Number of protein chains: 2
Amino acid sequence: MSEPLSDMIEEVIHHSDLSDGKSAVSSIIAQADETEMALLLESLPIDERVALWQTIPEHKKLDVLIAMRGDPREVIINATQPEQWDMLFVDIEAEDLLELTDSLPQELVERAFSAMDRIQKSYFEQANEYLEDQIGHWVSHDFLVLPINAKVRDGIRLIRREMPRHTDVILLVNRSGHFSEAVPIAKIYGLPEHVPLVDIMLEDFPVISATEECEVASKEVQLSGYGALPVVDESQKLIGRIDVTTASELLLEYYERQQMAGAGMDEDEDLFSPVRKSAKGRAIWLGINLLTAFMASAFIGMFEATLQQIVALAVLMPVVASMGGIAGSQTLTLIIRGLALRQVTSANVAALLAKELRVGALNGIIWAVVIGLVAVAWFGEPLLGVVIAIAILLNIVAAAFAGVFVPVILDKLDIDPALSGSVILTTVTDIVGFVAFLGLGTLLLI
Amino acid sequence: MSEPLSDMIEEVIHHSDLSDGKSAVSSIIAQADETEMALLLESLPIDERVALWQTIPEHKKLDVLIAMRGDPREVIINATQPEQWDMLFVDIEAEDLLELTDSLPQELVERAFSAMDRIQKSYFEQANEYLEDQIGHWVSHDFLVLPINAKVRDGIRLIRREMPRHTDVILLVNRSGHFSEAVPIAKIYGLPEHVPLVDIMLEDFPVISATEECEVASKEVQLSGYGALPVVDESQKLIGRIDVTTASELLLEYYERQQMAGAGMDEDEDLFSPVRKSAKGRAIWLGINLLTAFMASAFIGMFEATLQQIVALAVLMPVVASMGGIAGSQTLTLIIRGLALRQVTSANVAALLAKELRVGALNGIIWAVVIGLVAVAWFGEPLLGVVIAIAILLNIVAAAFAGVFVPVILDKLDIDPALSGSVILTTVTDIVGFVAFLGLGTLLLI
């Protein structure tokens with residue numbers, strides 16, 4: 001076992017000269033596997049990252065590069081001399097190049113492609129018939145396969161020759177290469193050699209369609225109880241398999257993407273990306289949010305005269321907006337998870353809305369009373385309490401409504417609700433909150 | 001393969017009488033596995049959920065219940081008659097009861113415990129020596145183990161007898177039950193019967209400590225390339241194993257928890273929980289946020305006199321707060337992911353802060369100019385533009401600062417930054433934003 005990541009980061013950052021070869025750093029490089037090295041490189045400021053990269057032995061570099069996230073990987077790619085690529089690409093396989101394609105300039109993709117043998121080239125081309133969010137793009141070709149009429153002796157011979165990771169079945173295909181049955185390896189031993197493998201085939205062995213979405217297919221593999229599942233194209237032809245390790249990598253990526261999306265970033269974001277690049281990436285999100293903030297301000301601006309007369313409204317208006325935003329984001333989060341699990345559908349959305357509206361009404365009434373009383377105690381003006389109470393109730397109910405409809409509509413439009421749902425929702429709750437509060441204030445207090 | 005979840009939901013909700021036994025619903029029950037049934041039950045309003053539950057055959061019920069999330073499961077538990085439990089508990093094992101413990105009343109846990117045999121009871125007690133967030137709590141006891149001096153013939157005999165899912169190695173233990181080596185099953189065949197298994201052991205086979213955090217251990221299993229890893233206690237005694245399926249269930253739960261935490265909920269939240277329960281659960285989060293909103297209002301209240309004279313400040317103040325909140329949440333999200341990946345440590349936090357402050361300064365200057373110009377154009381008052389520009393710059397830089405420090409400090413205090421990070425962050429950016437903007441307005445505009 002190698003040492004914890006935090007110790008490795010500590011040693012690299014506080015060691016002045018990476019290249020003297022006698023340091024603790026060289027023992028890190030010797031011990032860490034490619035996943036650990038990738039995490040370590042991503043954790044380092046750019047200068048240290050590039051310096052450490054250069055001390056990694058050539059034969060390990062490709063695997064480490066593949067294990068890295070997109071943006072930190074690009075820093076390494078940009079620091080690599082053109083003549084070094086031939087060395088890196090010497091043993092490259094289709095699966096490796098598929099991982100790197102998005103980070104490499106087109107000319108390097110072509111150089112890597114031409115370094116591969118005929119079979120790897122055909123795998124690469126087959127994978128590119130599917131989109132990156134389809135499971136067919138990520139299949140591996142490392143599995144045990146036999147013709148449908150194979151016998152136990154063929155199975156045993158095959159197993160002795162090789163055993164790819166997570167292999168618990170032999171796949172049987174017919175003459176056209178169509179997937180037919182799966183045979184559990186554990187049952188093969190102990191049987192007479194001439195027994196046909198189909199005699200011990202598994203009933204209803206799960207198969208994945210190559211066009212299935214990555215995260216759906218990955219969850220299916222994870223929960224199947226098998227080490228890997230076969231992937232077939234529309235004609236049922238076996239094109240590869242997805243094992244539990246690949247499935248877990250795809251799922252980790254998916255969850256990271258969801259996590260980062262809420263702040264308008266993606267899973268490739270680099271802890272230490274160059275300042276200008278990072279500022280540029282985030283500026284778009286800030287700009288979108290600025291537009292919504294100005295929209296809210298424009299609505300406030302409609303009530304300038306009221307605000308001038310009753311300054312307490314200005315003091316309290318963020319409370320109305322904030323309560324709506326928080327209540328709405330609770331409903332939104334619940335619905336987004338439900339959509340991701342395929343649990344929210346047109347059949348139950350009406351019942352969900354009814355329930356969320358009732359929850360909103362109940363919490364709305366409770367917090368309307370609390371906030372109303374605080375407002376009266378603070379400003380000594382009973383009607384102000386009534387105004388804010390009604391505005392809070394209206395905004396929390398509107399938030400429940402938007403919390404259900406915004407993600408459902410975005411999902412129907414094929415827009416990821418985890419990315420844009422919360423911006424749209426808070427725009428709604430800000431505007432409803434400000435208009436209800438200042439509008440009622442204008443009607444009742446002046 | 002059974003039909004998609006959405007079709008199943010549709011059929012159950014729009015089928016008036018679940019109990020007539022001739023419906024499409026009974027074919028759903030016959031075909032769906034326990035994971036699908038659990039997802040389906042969770043997707044249904046309470047009445048339909050309880051009705052469907054009652055049509056599930058008794059022998060399937062326990063597995064379905066185990067596959068469900070906590071809150072929707074409690075609905076079922078509450079609707080189950082006391083006399084039905086003995087039937088449900090008839091074949092219960094330690095692992096099942098561990099999954100259910102949190103949802104069951106203490107007396108039912110005891111009833112289930114007394115229904116188990118001696119071995120299962122000892123597994124249950126052993127698991128409870130570890131906390132729920134420690135991997136030792138979730139180990140399975142279904143694996144192949146032999147003494148350290150076992151031969152190939154012993155291995156083959158063992159494999160023929162049973163083969164638990166995701167088994168690619170036989171574990172060898174010494175006389176005290178301490179884990180010693182792992183032997184790859186694929187290599188056993190073809191060897192002479194008398195060869196000692198240690199001769200083909202794997203070098204550096206990874207072992208997990210029982211006190212390791214669940215998500216760290218689960219990722220290790222997922223990325224190890226093996227179907228399962230052994231788990232040992234402090235004395236290296238083998239207490240069980242975690243396979244890739246269990247690891248993936250634990251990780252899915254972890255990511256759901258993270259996703260829900262941002263809105264003050266947990267992964268057990270029910271789409272259709274009873275209104276009062278749901279409102280109560282969410283009220284706490286609304287209350288905490290209300291306190292922070294009132295804090296921000298109190299700061300605004302300090303500038304009542306200013307607001308009365310310059311109403312444009314009231315119109316624009318949400319823009320200042322919002323830009324700080326958005327910029328801060330970007331930094332926060334990046335740091336939270338880094339902490340989860342163990343990539344943010346005391347060794348690189350200073351470099352990270354420096355980079356985030358530079359990004360904040362750059363974006364702060366750009367947006368300060370943009371917003372300043374808009375404010376001048378809108379209100380025709382050049383000094384107002386200067387005031388809001390300075391306030392925006394200050395708030396975005398403060399947001400970068402808080403975005404790094406809030407999660408790092410919460411993490412040091414062992415508080416999940418995904419839960420409370422964003423409340424604290426927006427409180428900071430609201431207060432800094434309002435005070436900077438209204439304070440500068442008081443100084444420069446009056």
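Trainee: How many residue pairs are in polar contact across the interface of chain B and chain A?

Mentor: A polar contact is a pair of N or O atoms within 3.5 Å; within protein, one must be able to donate a hydrogen and the other to accept it, and residues adjacent in sequence count only if both atoms are side-chain atoms. Here the rule finds 26 residue pairs across the interface of chain B and chain A, both residues at pLDDT 80 or more. Mind that this is a predicted model: local features need pLDDT of at least 70, side-chain atom pairs count only at pLDDT 80 or more, and totals for chains, interfaces and linings use all residues. Residues are numbered from 1 along each chain as its sequence is written, chains are lettered from A and ligands numbered from 1 in the order in which they are written, and side-chain values use heavy atoms, with hydrogens and water left out.

Trainee: Which element gives the most to the side of chain B that touches chain A?

Mentor: Helices (H or I, at least four residues) and strands (E, at least two) are DSSP runs, numbered from the N terminus. The top contributor is α17(B), with 18 residues. By class, that side of chain B has 57 nonpolar, 30 polar and 20 charged residues; Ala, Val, Leu, Ile, Met, Phe, Trp, Tyr, Cys and Pro count as nonpolar, Asp, Glu, Lys and Arg as charged, and the others, Gly among them, as polar.

Trainee: What area is buried between chain B and chain A?

Mentor: Interface size is often given as the accessible area lost when the parts come together. The sum runs over both parts, with a 1.4 Å probe. For chain B and chain A that's about 9500 Å², and carbon and sulfur atoms give 70% of it. In chain B, the residues losing the most area to chain A are B:Leu271, B:Gln330 and B:Arg337, together 8% of what that side buries.

Trainee: And how many salt bridges are there between chain B and chain A?

Mentor: Look for a side-chain nitrogen of Lys or Arg within 4 Å of a carboxyl oxygen of Asp or Glu. Between chain B and chain A the count is 4. A:Glu356 and B:Arg282 form a salt bridge, at 2.8 Å, N to O. Over all chains, the whole structure has 34.

Technical notes
Buried area is the accessible area (1.4 Å probe) that two parts lose on being put together, summed over both.
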